[in-house]
Amino acid sequence: TATIAATIADVEPALCEVTVAKIPSSFPRKHLIEHFTGDQCGYCPGGMFSLKEFVLRYNTPCIWVSHHYGYNKDEYTINESSKIGAACGVQGAPNMAFNRTKIMGSTIAFHPGYLPDLTSTIAAKFDTTAEASVVINHNYDAATRQLNVTVSGQVANTDVTVYLVSVLVKENGLIGKQADYSYAWKSGTWTEFMHPRVIRDFITHHFGDTVTVAKQRFSRTWTYTLSEEWNAEKSCVVAYITPLSKKPVINAEETPLVAGTTGGTE
């Protein structure tokens, strides 16, 4: 009996070590690109193509969303985009922000036409790991159009007890009128243009809702009803995390809204 008790005493600590998962010191990072554009903005197609070329060259995953702000207000402009654009210092279109961090100049926003000269700068400036992870779990009822979204994650920094998480719905393949001054080889004026990655609405506050960290983990659930005008099968749920309001984004994630789709054709 004494031998059996001694054996159990030796085994129990090892079992505890296996069952208690250790929080990593860092997590894989996805960068948030916020693109500021507009329907009928003649220079915006060039900005979009510059961004696309950058994403193809840049070897770290990026989450790309488009605000219709900076040019004239159009049918895809929402109030939340206007507030975010103003906070980023957007004064025209096309513009962009990368993790809401100053890359050049005095404002967060800058023209995507500078990207060919900034790729190495951006790569050197931003780590490929983050202090927190972002995981999206959701379910969508096509009949009621109700969406339940849970965003959770782990946190490496033991001193942080509150973060802000932003959750939004973006849709691909929206059609609008578009002039094109930069790529005349396509056409002088486009009567129709496909706008990808358009932010339809924020499920949270536009600068995020608070999530409380307990034992280096967080989780929060939101319920939202999609507009009848949106194509759910061309839509994605996007979530990103910031330490404080109007501060740099430290990680981001996205997933198709409808299981089995890719979130639309770009």
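Visitor: Is C236 buried or exposed?
Guide: C236 is buried, because its relative accessibility is 5%, under the 20% cut-off. Keep in mind that this is a predicted model.

Visitor: And C62, buried or exposed?
Guide: C62 counts as buried too, at 18% relative accessibility.

Visitor: How many disulfides turn up in the whole structure?
Guide: The search finds 1 disulfide. C41 and C44 form it, with their sulfur atoms 2.3 Å apart.

Visitor: What's the handedness of that C41 and C44 link?
Guide: Right-handed, with 80 degrees about the S-S bond. Both C41 and C44 are buried.

Visitor: Back to C236. Which way does it point from β14?
Guide: C236 points to one side of β14 together with V238, Y240 and T242, while S235, V237, A239 and I241 point the other way. In general, side chains in a regular strand alternate between the two faces of the sheet.

Visitor: How many of the residues in β14 are buried?
Guide: 8 of its 8, so the strand is mostly covered.

Visitor: Which strands does β14 pair with, and in what sense?
Guide: β14 pairs with β8 in the antiparallel sense over 8 bridges. Another 6 bridges join β14 to β15, residues 251-256, and these strands also run antiparallel.

Visitor: What else does β8 pair with?
Guide: β8 pairs with β12, residues 209-212, in the antiparallel sense over 4 bridges. There, D209 is the bridge partner of V165. β8 also pairs antiparallel with β11, residues 198-202, over 4 bridges, and in β11 the partner of K170 is I199.

Visitor: How many residues of β8 are buried?
Guide: 9 of its 10, which makes β8 mostly covered.

Visitor: Let's talk packing. How many residues are in the largest nonpolar core?
Guide: That core has 27 residues, and those with the most contacts inside it are L147, V151, V167 and L257. The elements giving two or more residues to this core are β6 (135-141), β7 (146-154), β8 (162-171), β13 (217-225) and β14 (235-242). β8 supplies the largest share, 4 residues.

Visitor: What does V151 touch?
Guide: Leaving out residues up to four places away in sequence, V151 touches V134, V135, V165, V167, F218, S219, R220, W222 and A239.

Visitor: Which residues belong to the other core, apart from that one?
Guide: The other core has 19 residues, including I84, V90, I108 and A109. As a general point, nonpolar side chains in soluble globular proteins tend to be buried together.

Visitor: Switching to aromatics. How many pairs are there?
Guide: The search of the whole structure finds 5 aromatic pairs. In one of them, the rings of F54 and Y58 have centres 5.0 Å apart and planes at 20 degrees, so the pair is stacked.

Visitor: Are F54 and Y58 buried or exposed?
Guide: F54 is buried, with a relative accessible area of 0%, and Y58 is buried at 6%.

Visitor: Why does the pair of Y224 and W230 count as stacked?
Guide: Their planes are at 20 degrees, and stacked means under 30 degrees, so they qualify; the ring centres are 6.3 Å apart. Y224 counts as buried at 14% relative accessibility, and W230 does at 11%.

Visitor: Which charged residue lies over the face of W64?
Guide: R197 does, at 3.4 Å from the ring centre.

Visitor: Last one, zooming out. How many helices and strands does the protein have?
Guide: It has 4 helices and 15 strands. Of the 266 residues, 51% count as buried. For contacts with a separation of 6 or more, residues 24 or more positions apart account for 72%.

Notes:
Residues are numbered from 1 along each chain as its sequence is written. This is a predicted model: local features need pLDDT of at least 70, side-chain atom pairs count only at pLDDT 80 or more; totals for chains, interfaces and linings use all residues. Side-chain values use heavy atoms; hydrogens and water are left out. A nonpolar core is a set of buried Ala, Val, Leu, Ile, Met, Phe, Trp, Tyr and Cys residues joined through side-chain atoms within 4.5 Å. Buried means under 20% relative accessible area, exposed over 50%, partly exposed in between (1.4 Å probe, protein chains only). Contact means heavy atoms within 4.5 Å. Rings of Phe, Tyr and Trp (its six-membered ring) pair if their centres lie within 6.5 Å; planes under 30 degrees apart count as stacked, over 60 as edge-to-face and the rest as tilted. A charge sits over a ring if NZ of Lys or CZ of Arg is within 6 Å of the ring centre and within 35 degrees of the ring normal. A disulfide is a pair of cysteine sulfur atoms within 2.5 Å. Two strands pair if DSSP finds at least two bridges between them.
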